[in-house]
Amino acid sequence: MDWYIILAATIKIVVFVFLVTLPLVAMSVWAERRVSAAIQDRVGPNRVGPAGLLQPVADGIKFLLKEDFTPNHVRKSFYWLAPALTMIPSLLTCAVIPFGSQLFGEKMVIADLDVGPLFVFAVASLTVYGIVLAGWASNSKYPFLGSVRSTSQMISYEISLGLSIVPLLMIYGELNLGRIVMEQAQNGWALLPLWGEGLSVKGWLLAVPLFISFIVFTTSMFAETNRLPFDLPECETELVAGYHTEYSSMKFALFFLGEYAAMIIGSGLAVTLFFGGWSLPFGWLTPESLDAEVPFWHGLIHIGVFFGKVILFIIFFIAVRWTLPRFRYDQLMKLGWVVFFELALANVILTALLLMWLK
Amino acid sequence: MTFLFFIFAALTLFGGIGVVVNRNPVTSAFSMILSFLGLAALFIQLNAYLVGVLQILVYAGAIMVLFLFIIMLLDIPKAENKRFPVFTLGASVVVVVSFVTLVIAVITKSGVGAAKLPAIEAQKGPGQSDVHQIGELLFSTYWFPVQIVAVLLLVATVGVVVLSKRELK
């Protein structure tokens with residue numbers, strides 16, 4: 001049955017990564033422009049196709065057809081490598097996110113690892129190399145400043161990002177994302193313990209540390225994906241465009257798309273950890289266990305629910321970007337090291353005390 | 001899946017050689033990251049998911065970023081073709097010779113392909129991952145060494161702060 005496993009994995013990779021996530025990246029660029037337009041009382045791109053829905057296609061063609069210019073003063077091989085290095089890790093992390101329950105008796109996750117969140121953090125921590133390399137290889141001052149900022153920012157916020165989900169892992173006692181989702185489907189989402197065993201004093205008390213860890217997690221996610229209010233690496237008022245100043249055409253587009261891909265995966269992880277992944281609220285259509293048979297149309301609904309939640313989260317990301325002003329760099333570092341690091345640590349201790357007390 | 005082993009072993013060795021051979025420190029650092037990635041893949045092939053993932057998370061994802069950061073900030077120039085001091089050359093020859101002797105001794109002693117290492121009994125309960133096992137061992141049997149290592153790291157951190165502060169004055 002070896003070929004069967006390989007075939008199933010290949011189909012899942014092609015469909016989930018290339019036919020769903022990549023178009024979702026393009027659509028979120030469109031959504032970003034439309035939402036920002038709505039927030040600023042403008043119209044936004046509405047000419048290409050119905051409601052401007054084909055705008056991503058037009059953008060893509062434009063990026064591919066523009067001149068791919070390599071400046072003379074760059075370090076060539078690293079300059080070419082950098083855009084790929086920002087895009088690849090973002091797409092690799094898709095491997096462990098469960099995007100549905102089951103379809104044809106096949107679990108809807110590419111790799112059912114027992115170290116799910118750790119894998120995501122490990123691979124996501126490699127995205128920093130793309131940015132560092134872009135800044136260094138460009139061999140000019142603004143990109144270099146941008147990449148130095150980005151390195152220190154990403155390292156600082158990786159710590160609070162990692163620490164922020166420790167309480168969640170302590171409560172579920174589990175590192176397998178599929179089983180975490182199943183637990184939430186049956187006993188209430190992490191932030192919404194309204195049914196099953198979650199509807200108890202214990203469930204509600206434990207929702208307090210989970211809420212704190214959600215706040216820390218989401219904020220750190222903004223910093224990790226270099227998005228406003230934390231987009232200091234490419235802050236245009238100070239650094240022209242930061243690390244991708246010297247890039248043009250499709251190489252620039254890869255940086256751009258890598259940022260959105262990271263945002264989508266971040267949303268996927270947040271939805272999986274805190275909002276019950278593919279599950280519907282109140283245990284509707286929830287299978288008995290992970291191995292129980294799931295009817296075909298239930299499976300389809302679960303996949304739809306997952307992507308619905310992810311899209312809502314992306315719109316939240318976009319709305320925040322167009323609402324908050326940019327932080328100053330020292331404020332950003334202070335927030336990371338003095339507030340969030342301590343908050344996440346205290347949260348771990350609080351969770352441990354609560355778990356001991358409630359046992 | 002033996003061919004995967006060969007691919008990743010080749011990647012690890014290729015990266016390792018790249019660290020030594022390259023004149024440009026940034027290229028060396030990237031070769032080292034490549035080597036770590038190959039090593040992580042080898043661990044994962046041995047079903048040691050946690051070790052493999054930590055290899056990427058800690059070494060490739062954090063420590064090497066700091067290395068690169070320092071290399072880029074200090075702007076270390078390419079190494080020139082200078083002659084090594086006799087002492088350095090002698091020391092490296094001693095290290096290489098003793099390592100090769102060690103490897104040969106181990107291989108001849110065990111006999112290639114003849115002896116099998118004793119199987120390690122898995123202490124897994126049903127549905128327990130290797131993360132559970134490692135965590136339990138670290139916090140029960142090995143809690144004291146873990147604390148010692150933590151204190152050691154703290155000493156190193158304090159030492160760095162003291163040294164760099166002295167230079168400021």
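This report describes helix packing, salt bridges and selected residues in a predicted model.

## Helices H6 and H13 of chain A

Two packed helices are described by the angle between their axes and the distance between the axes. In chain A, helix H6 covers residues 141-164 and helix H13 covers residues 329-358. Their axes are 8 Å apart, and the packing angle is about 15°. An angle under 35 degrees counts as roughly parallel, so H6(A) is roughly parallel to H13(A). The crossing of this pair is left-handed.

On the side of H6(A), the contact is made by Arg149(A), Ser152(A), Gln153(A), Ser156(A), Tyr157(A), Ile159(A), Ser160(A), Leu163(A) and Ser164(A). On the side of H13(A), the residues include Tyr329(A), Leu332(A), Met333(A), Leu335(A), Gly336(A) and Trp337(A). Further along H13(A), Phe340(A), Phe341(A), Ala344(A), Leu345(A) and Val348(A) also take part. Sorted by type, the residues of this contact are 13 nonpolar, six polar and one charged.

## Helices H3 and H11 of chain A

Another packed pair in chain A is H3(A) with H11(A), whose axes come within 8 Å and cross at roughly 20°. These two helices are therefore roughly parallel to each other. H3(A) passes H11(A) in a left-handed crossing.

H3(A) brings Tyr79(A), Trp80(A), Ala82(A), Pro83(A), Ala84(A), Thr86(A), Met87(A), Ser90(A) and Leu91(A) to the contact. They meet Lys251(A), Leu254(A), Phe255(A), Leu257(A), Gly258(A), Ala261(A), Ala262(A) and Ile265(A) of H11(A). By type, the contact residues of H3(A) and H11(A) are 13 nonpolar, three polar and one charged.

## Salt bridges

Side chains of opposite charge can pair when their charged atoms come close. Over all chains, a search of the whole structure finds six salt bridges.

One of them joins the side chains of Asp59(A) and Arg33(A), with an N to O distance of 3.2 Å. Asp59(A) belongs to helix H2 (residues 55-65) of chain A and Arg33(A) to helix H1 (residues 2-39) of chain A, so the pair ties together parts that are 26 residues apart in sequence. Asp59(A) has a relative accessible area of 15% and is buried. Arg33(A), at 33% relative accessibility, is partly exposed.

Lys251(A), which also takes part in the contact of H11(A) with H3(A), forms a salt bridge with Asp68(A). The closest N and O atoms of this pair are 3.0 Å apart. Lys251(A) lies in helix H11 (residues 249-274) of chain A, while Asp68(A) lies in the loop between H2 and helix H3 (76-92) of chain A, so the bridge ties together parts that are 183 residues apart in sequence. Lys251(A) is buried, with a relative accessible area of 7%. Asp68(A) is partly exposed, with a value of 36%.

The side chains of Arg328(A) and Asp330(A) also meet in a salt bridge, at 3.0 Å from N to O. Asp330(A) counts as partly exposed, at 45% relative accessibility. Elsewhere, Asp114(A), Glu174(A) and Arg179(A) are linked in a network of salt bridges.

## Ser138 of chain A

Ser138(A) is placed in helix H5 (residues 127-138) of chain A. Is Ser138(A) buried or exposed? Ser138(A) is buried, because its relative accessible area is 0% and buried means under 20%.

Which residues does Ser138(A) touch, not counting those up to four places away in sequence? They are His73(A), Val74(A), Tyr79(A), Leu133(A), Pro143(A), Tyr243(A), Glu246(A) and Tyr247(A). One of these, Tyr79(A), is also among the residues with which H3(A) meets H11(A).

## Chain B

Chain B has six helices and zero strands. From the N terminus on, its elements run α-α-α-α-α-α. Chain B has 169 residues, and 21% of them count as buried. Among contacts in chain B between residues at least 6 apart in sequence, 55% join residues at least 24 apart.

Gly16(B) lies in helix H1 (residues 2-21) of chain B. With 30% relative accessibility, Gly16(B) is partly exposed. Gly16(B) and Met32(B) are 16 residues apart along the chain, and their C-alpha atoms are separated by 6.2 Å.

Conventions: Residues are numbered from 1 along each chain as its sequence is written. Chains are lettered from A and ligands numbered from 1 in the order in which they are written. This is a predicted model: local features need pLDDT of at least 70, side-chain atom pairs count only at pLDDT 80 or more; totals for chains, interfaces and linings use all residues. Side-chain values use heavy atoms; hydrogens and water are left out. Axes are lines fitted to C-alpha atoms, for helices over the stretch in contact, and angles run from 0 to 180 degrees between N-to-C directions. Helices (H or I, at least four residues) and strands (E, at least two) are DSSP runs, numbered from the N terminus. Angles under 35 degrees count as roughly parallel, over 145 as roughly antiparallel, 65 to 115 as roughly perpendicular and the rest as oblique. A crossing is left-handed if the near helix is turned anticlockwise from the far one by less than a right angle, and right-handed if clockwise. Contact means heavy atoms within 4.5 Å. Ala, Val, Leu, Ile, Met, Phe, Trp, Tyr, Cys and Pro count as nonpolar, Asp, Glu, Lys and Arg as charged, and the others, Gly among them, as polar. A salt bridge is a side-chain nitrogen of Lys or Arg within 4 Å of a carboxyl oxygen of Asp or Glu. Buried means under 20% relative accessible area, exposed over 50%, partly exposed in between (1.4 Å probe, protein chains only).
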